[in-house]
Every structure is written in C-alpha cells, then in structure tokens.
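This report examines selected parts of one protein model. Please keep the sequence and the three-dimensional view at hand while reading.

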Amino acid sequence: MNQVTAPSSDQKTTRVNLLDFDRQGLRDFFVQIGEKPYRAEQVMKWIYHDLEDNFENMTDVGKALRAKLTEVCYIGVPKTVLDKAATDGTHKWLLGMDSGNAIETVYIPEPTRGTLCVSSQIGCALNCSFCSTGAQGFNRNLSTAEIIGQVWVAAKHLGNITHQNRRITNVVMMGMGEPLANFENVVRAMKLMRDDLGFGLAAKRVTLSTAGMVPLIDQLSAAIDVSLAVSLHAANDELRTELVPINKRYPIAELVAACQRWVARKPRTSITFEYTLMKGINDQPEHARQLIKLMRKLPTCKVNLIPFNPFPGTRYERSDANDIRDFQTQLLNAGVLTMLRRTRGDDIDAACGQLAGQVADRTRRSADVRKRQGEGATHAI
Ligand code: SAH
C-alpha cells in the first residue's frame, strides 16, 4: 500500500472539465470558443493517448490557444486517495470524490488481458441483498469525467499506452453502482473508452453489467455498441426478488424478452449472465435446472458463475467447492456455456461485491443496517 499524490485539478472554478465531453461534445465546445473542431481531436489525443493533463505540455497546440484553454477549461481527473496492490497482481484505487465520498476502481491482470472494473455511482440504490455496495446506500451518480477519469487514472498508474503497450485491454462497468441508472454519463464515458482517439477499445472489450433495468437495456442497444452482462443470480422470480429487488418491477420473463431483443439486434453478440453462488440459497440442482430452462430461450448466451464473496455483516456464505463444481457440470452437460470466475484480489477486498468505498449515504440504508446488526439480526438488509 502506498500513498500517491493527486494529479492537479481545480474543481472549484467555473471552468469546464474536458473529461465531461465525448468527441462530438468536445468538437462543439471548441467551435463554441471560436476554434476549429479538429483542434478538439488534437487535444483529445493528448488527454487519452498521452495521458496529459497540462495544456502547457501539448506541444503541437499553439501558445495562444494553450493560454486560452487554461483560462476556460481544465482536465480534471479524480484524486487518488489510496493505491493498493494485492499479492496476485490485482490493483485497487480508492478515488476521492466530494464531501468525504470515495469510489473504488480495480485492475485485474491475467496472462492474455488486463481488465479494469469501473464504478458508475457513489453507492447504489438497488439494494441487492448480497452486495456490500448495496448495503452502503446511495449518494449520487458519477459524472462522465469521474467515470472516464477512473480509466485515465488507472492507465496513468499502469503506464498504459493506447494502441501500443496496452495494460488495460478490457473495461467492465462492474464496480460500484447500477450503470444503467446513470445512463447518459455512462454512455458518454463508454464512447470515450471505445473511441480511437480515446482508449480505442473494441465493443466486445467494453462491458456494461446491469441488475436488469429492462427499458434501459433497449435504450442501450440503440445508443452504443458494447457488450452486455446481466446479473441474474436466480432463475425463479420469488428467489430473484429476494436477492435482486428490482426483479419485482422487471420480472424474469420481461428481462429475458429484453435480452432476446438485444441478441436479435446484435446477432453476433452474446450476453453473459452472472450468477453468484450462495450456500444453500441458489446453488442446488433444482436451481441449475431452472437456469438451464431459462438459458434455452437464449441459446447464444453464456453463464458466468461467481463464488460469493463475503463481507462484514452479510447473512450469506460462499457455496462449497463441490456444489460449485456440480452446478457448473450440470449446466455444461445441458450444453450451456458456463465459466467459473476465479476470485481475485481477496486480500485487498477487491473481489466482486466487495467494493465499498466511502459513501455518505443519502438513503440512510447504511445506518439502518448498522442498527439492525446492533440488534443482533444476522440479515444484512
Ligand atoms: N449493478 C450492476 C453492476 C455491479 S456488477 C449489476 O448488478 O450488474 C457487480 C457484479 O458482482 C454483479 O453481478 C453483482 O451481482 C455481483 N456481486 C455483488 N456482490 C457480490 C458478492 N458479495 N459476491 C460475488 N458477487 C457479487
């Protein structure tokens, strides 16, 4: 663990943060300040390829324009509060937001790729019963700059070079928050991840994960080309509503229909269904049978099994290794493409569902949880 100095940014001025714009927005902004739109692209390349946050170092931008930019805008990236590395190479950054809030971003290196797990909100309003972010309550949406800024900060720390020495080959919107609940900012940030003058990642390498906000799944497929992951966790409505309460509003049949529409619009893509295995809750042969039946309706899609990651105060436990293996075998035998996600970064609490950050909770949920824990109840929510 080591303290890292924050890149400078001046949040208090009325100047515009250039990280809030996608390419079109940046071109429009340059026109607005009386400059040629191609200048926007020049600056964009400096920001995302060279990870430059100081206009003075942009050598192919004229002196007068550099001075003008310094006056009207800035390149503001999140402050690094803490930089932690796990023994398995996983990296976690705690990034300071406002009034005591902080969010987490995690980097997971593997032999053939490096995945960055990015947050979309401070806390989360969806209240999934097995997720530590949910137990923290909700504070606010992140801005586009705060979302793409996570990739920028990680890239800078890792010495990433776009189109050359890529350390970050994949980005997954699987950190804190429900990305579809912060639709505009998330889409704009993902445009920057995909843009050649941004981080230049292919559609299959940028994944949005949702707990199942059905109408927004349709909107997403119209707005941008990215990959989709859906947090399923149970294939019957009663259990899924207990685990993922938004299932009450958008039950499984509607979710499956939205996924079928997604696949129909993007025939060459597949959807990954995330299924966190919790001991005695959703890991029995009958649950696998229900999941197999559901997957028959989406034959090109696959399942990603995640062993539950415990956190303080949770009532759930990780499934036994035997049950996890049997569950996977049952799915594979039925012809469902099923992967088992290895748990990474446990020693720095960087595993799935452990991203807690520091959330000044506006929903008072965390206070309620603490109160109930104090009363001796084992239920997290
Ligand atoms: N809100 C989005 C993004 C969060 S992604 C979504 O629900 O998809 C984080 C993934 O980790 C989700 O699939 C989530 O259900 C899963 N998860 C949450 N808590 C977990 C835990 N304690 N152990 C394992 N997986 C967990």
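Ser 120 is found in the loop that links strand 6 (114-117) to strand 7 (121-123). The model is a predicted one. The relative accessibility of Ser 120 is 2%, so this residue counts as buried, because buried means under 20% relative accessible area. When neighbours within four places in sequence are left aside, Ser 120 is in contact with Asn 141, Leu 142, Ile 147, Met 173, Met 176, Gly 177, Glu 178, Pro 179, Asn 182 and Val 186.

Helix 5 (residues 144-158) and helix 6 (residues 183-194) have axes that come within 8 Å and cross at roughly 35°. The crossing of helix 5 past helix 6 is right-handed. On the side of helix 5, the contact is made by Thr 144, Ile 147, Ile 148 and Val 151. Helix 6 contributes Asn 185, Val 186, Arg 188, Ala 189, Leu 192 and Met 193. Sorted by class, this contact has seven nonpolar, two polar and one charged residues.

A second pair is formed by helix 10 (residues 285-296) and helix 11 (residues 321-333), which pack at an angle of about 30° with their axes 10 Å apart. Helix 10 and helix 11 are therefore roughly parallel to each other, because angles under 35 degrees count as roughly parallel. Helix 10 passes helix 11 in a crossing that is right-handed. Pro 285, His 287, Ala 288, Arg 289, Leu 291 and Ile 292 of helix 10 make the contact with Phe 327, Gln 330 and Leu 331 of helix 11. In this contact, six residues are nonpolar, two are polar and one is charged.

The table sets out the two pairs.

| Helix pair | Axis separation | Angle |
|---|---|---|
| Helix 5 and helix 6 | within 8 Å | roughly 35° |
| Helix 10 and helix 11 | 10 Å | about 30° |

Asn 17 belongs to strand 1 (residues 16-17). Is Asn 17 buried or exposed? With a relative accessibility of 8%, Asn 17 counts as buried. Which backbone atom does the side chain of Asn 17 reach? The side chain of Asn 17 lies 2.9 Å from the backbone nitrogen of Gly 76. Beyond its neighbours within four places in sequence, Asn 17 is in contact with Tyr 74, Ile 75, Gly 76 and Ala 145.

Definitions and conventions:
Residues are numbered from 1 along each chain as its sequence is written. This is a predicted model: local features need pLDDT of at least 70, side-chain atom pairs count only at pLDDT 80 or more; totals for chains, interfaces and linings use all residues. Side-chain values use heavy atoms; hydrogens and water are left out. Helices (H or I, at least four residues) and strands (E, at least two) are DSSP runs, numbered from the N terminus. Buried means under 20% relative accessible area, exposed over 50%, partly exposed in between (1.4 Å probe, protein chains only). A polar contact is a pair of N or O atoms within 3.5 Å; within protein, one must be able to donate a hydrogen and the other to accept it, and residues adjacent in sequence count only if both atoms are side-chain atoms. Contact means heavy atoms within 4.5 Å. Axes are lines fitted to C-alpha atoms, for helices over the stretch in contact, and angles run from 0 to 180 degrees between N-to-C directions. Angles under 35 degrees count as roughly parallel, over 145 as roughly antiparallel, 65 to 115 as roughly perpendicular and the rest as oblique. A crossing is left-handed if the near helix is turned anticlockwise from the far one by less than a right angle, and right-handed if clockwise. Ala, Val, Leu, Ile, Met, Phe, Trp, Tyr, Cys and Pro count as nonpolar, Asp, Glu, Lys and Arg as charged, and the others, Gly among them, as polar.
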